[in-house]
Amino acid sequence: MPESQPQVPSRRQLLRMAAVAAASLAAGKVATAEGAKAASTDGSVLDVVIIGAGLAGLTAARDLKRAGCESFAVLEARNRVGGRTYNHDIGNGVVSEAGGQWIGPGQTAIFDLARELEVDTFPTFYAGKTTVLAGDARVAQDFHGGIGTDEALGAKLGELARGVPSAAPWTAKDAAELDKLSYGDWLLKQGLKYEDGYFMGLAAKLTTGGAPAQLGLLGYLTQINSASNNLDQLEATKGGAQETRFVGGSQVLSIKMAKDLGDKVRLSTPVRKIAGWNRDVVEVHTDQGVVRARRVIVAINPALCNQVVFDPPLPEGRSQLHKHWPANAPMRKTVHVYEKPFWRNDGLNGQIFQVGGPVLMAYDNSPPDLSVGIISAFVSPGALPSDPKAAEQTLSAIYAKAFGDKALHPKQFHDHDWGRVDQWTLQCIHPLPPGFLTKWGPFLHPSAGRVIWSGTETADLWPGSMDGAVRSGHRAALQALAALAHQGEVA
């Protein structure tokens, strides 16, 4: 009789075995592949439900699928994917980003994701002079890819940030003392000239969404710590987190991931209630019915969790974190589309800083083929008319002061106010106020029963950025796989 041939595992089985091994090690357990597989015997109960189809949720889903787990669903309240990334369609294959759009050195997670999804990148344009407007005054100056921050103060902030671990800033040796101060308090103590203080404060506001007086010093140091304790790496274009853009816009990452996941992504499915999060099977109540799962990954802004009923109520610390999470920093971005980026011919880079006006920062957001010229802007919410035509004309007049009369005649105008666009966003970015991290930070990461928290706010590195969202998705998927392996462990 011939010897029986050993069974050769399929590629999917190999992936499942590898994922279970990695997850088991992460959990401090050694589980068998068959043990983990046993968790999925009841087809009416999914292994994992993911709430939120932004970068975090879709990254987690993609990792589950790559590990061989097919028993999951992604629930998204909006009728689109991408979360706080969104592309305006300009036409002819050109887009302009309404939300997060830039990446830079040290943000390896999102660079890796883009390579895997075959999404190309290109450098942000910054060559030439930046225009500063103050009343009727106009000054054009070359910032060389920076944002006008003070070098000595940047070094001082970097030194402070060394002692503030981005994964757990509340554990810093002097966390309590630092968290008492706002960033504005700290700047006032430095004896700055007005112009230096203005640009230091503006840089932080563009990154966090909050004015220096609203922003806790400890929270800002956390972000500097993520950027290798280098303020320029966080705030600058050249060598900084604004250095690189995606061909096709940042939302294309989520669109591609969702396409690969197919019908596992369910749009227009807002979650209203999570029941039994402390039991083996959790019930997730949505507008489209109830979904049952063994683990739930919540990949949404913590403030949005206030719109979800948790039954039973969450532990006090986590519940209070949701209630106190800042939701008062909506960001508004506008888009002017021109025939060509004509300002470049005059040695201007398209950047505008307007002191005391509605434009916090305007910038050249043209596509790499320069088929059109695009000026996008961060504008102060409430500082422009709500009527699109009136807002367009107000901004065009400001741009004309910077670039000349050609700026008065855009081909298209787009406006995206993240505080008003839908009930599922509230804001684009979040300034953590003084005292927040030391009081509520310790409740940010630990799971609650079968619920795993994800989203850029929970990232150990680059929190608040697209890179942080991707990192948090990877971590959440590994946590879910580890939990399922442990749950299905053979005694």
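# A walk through a predicted fold

Gly 317 makes contact with Trp 440 and Phe 443, leaving out residues up to four places away in sequence. That is our way into this structure, which is a predicted model. Gly 317 sits in helix α12. Its relative accessibility is 13%, so Gly 317 counts as buried. The cut-off for buried is under 20% relative accessible area. Now look from Gly 317 to Thr 269. These two are 48 residues apart along the chain, and their C-alpha atoms are separated by 28 Å.

Step back to the whole protein. It contains 15 helices and 19 strands. Its C-alpha atoms fill a box of roughly 90 × 55 × 45 Å, taken along the principal axes. How does the radius of gyration agree with that of a compact globule? For 491 residues, such a globule would have a radius near 23 Å, and the protein has 24 Å, which agrees. Of the 491 residues, 56% are buried. Take the contacts with a separation of 6 or more: 74% of them involve residues 24 or more positions apart.

What about charge? There are 48 positive and 48 negative charges, and their mean positions are 3 Å apart.

Now go inside. In soluble globular proteins, nonpolar side chains tend to be buried together. Here, the largest nonpolar core has 39 residues. Leu 55, Leu 58 and Leu 64 have the most contacts inside this core. Which elements give two or more residues to it? They are β1 (46-51), α3 (55-66), β2 (72-75), α4 (108-116), α11 (251-261) and α15 (466-487). The largest share, eight residues, comes from α15. Look closely at Leu 55. Setting aside neighbours within four places in sequence, Leu 55 is in contact with Thr 85, Ile 110, Leu 113, Leu 253, Ser 254, Met 257, Met 466, Ala 469 and Val 470.

Trp 462 lies in the loop between β19 (451-453) and α15. Is Trp 462 buried or exposed? With 3% relative accessibility, Trp 462 counts as buried. Its backbone deserves a look too. Most residues other than glycine have a negative phi, and most peptide bonds are trans. Phi of Trp 462 is near 55 degrees, a positive value in a residue other than glycine.

Glu 118 also has a positive phi, near 60 degrees. Glu 118 is in the loop between α4 and β5 (121-123). Its relative accessible area is 67%, so Glu 118 is exposed. For the peptide bond, turn to Asp 311 and Pro 312. A cis bond joins them, with omega about 5 degrees. Pro 312 is placed in the loop between β13 (309-311) and α12 (316-324). Helix α12 is where Gly 317 is found.

Phe 246 belongs to strand β8. Its relative accessible area is 1%, so Phe 246 is buried. Which residues does Phe 246 touch, not counting those up to four places away in sequence? They are Glu 97, Gln 101, Ile 103, Ile 110, Ala 114, Val 119, Asp 120, Thr 121, Phe 122, Leu 253 and Met 466. Ile 110, Leu 253 and Met 466 are also among the contacts of Leu 55. Trp 102 is 144 residues from Phe 246 along the chain, yet their C-alpha atoms are separated by 7.7 Å.

Two loop residues complete the walk. Gly 239 lies between α10 (231-235) and β8 (244-246). At 34% relative accessibility, Gly 239 counts as partly exposed. Gly 239 is in contact with Pro 105 and Gln 233, leaving aside neighbours within four places in sequence. Lys 273 is 34 residues from Gly 239 along the chain, and their C-alpha atoms are separated by 44 Å.

Asn 92 sits in the loop between β3 (87-91) and β4 (94-97). Its relative accessibility is 85%, so Asn 92 counts as exposed. The cut-off for exposed is over 50%. Asn 92 and Gln 288 are 196 residues apart in sequence, and 36 Å apart in space from C-alpha to C-alpha.

Methods. Residues numbered from 1 in each chain as written. Predicted model: local features only at pLDDT ≥ 70, side-chain atom pairs only at ≥ 80, totals over all residues. Heavy atoms only, no water. Helix = DSSP H or I, 4+ residues; strand = E, 2+ residues; numbered from the N terminus. Rg over C-alpha atoms; globule rule 2.2 N^0.38 Å. Buried < 20%, exposed > 50% of the residue type's maximum accessible area, 1.4 Å probe, protein only. Contact = heavy atoms within 4.5 Å. Lys, Arg positive; Asp, Glu negative; His and termini not counted. Charge placed at Lys NZ, Arg CZ, Asp CG, Glu CD. Core = buried A, V, L, I, M, F, W, Y, C linked by side-chain atoms within 4.5 Å.
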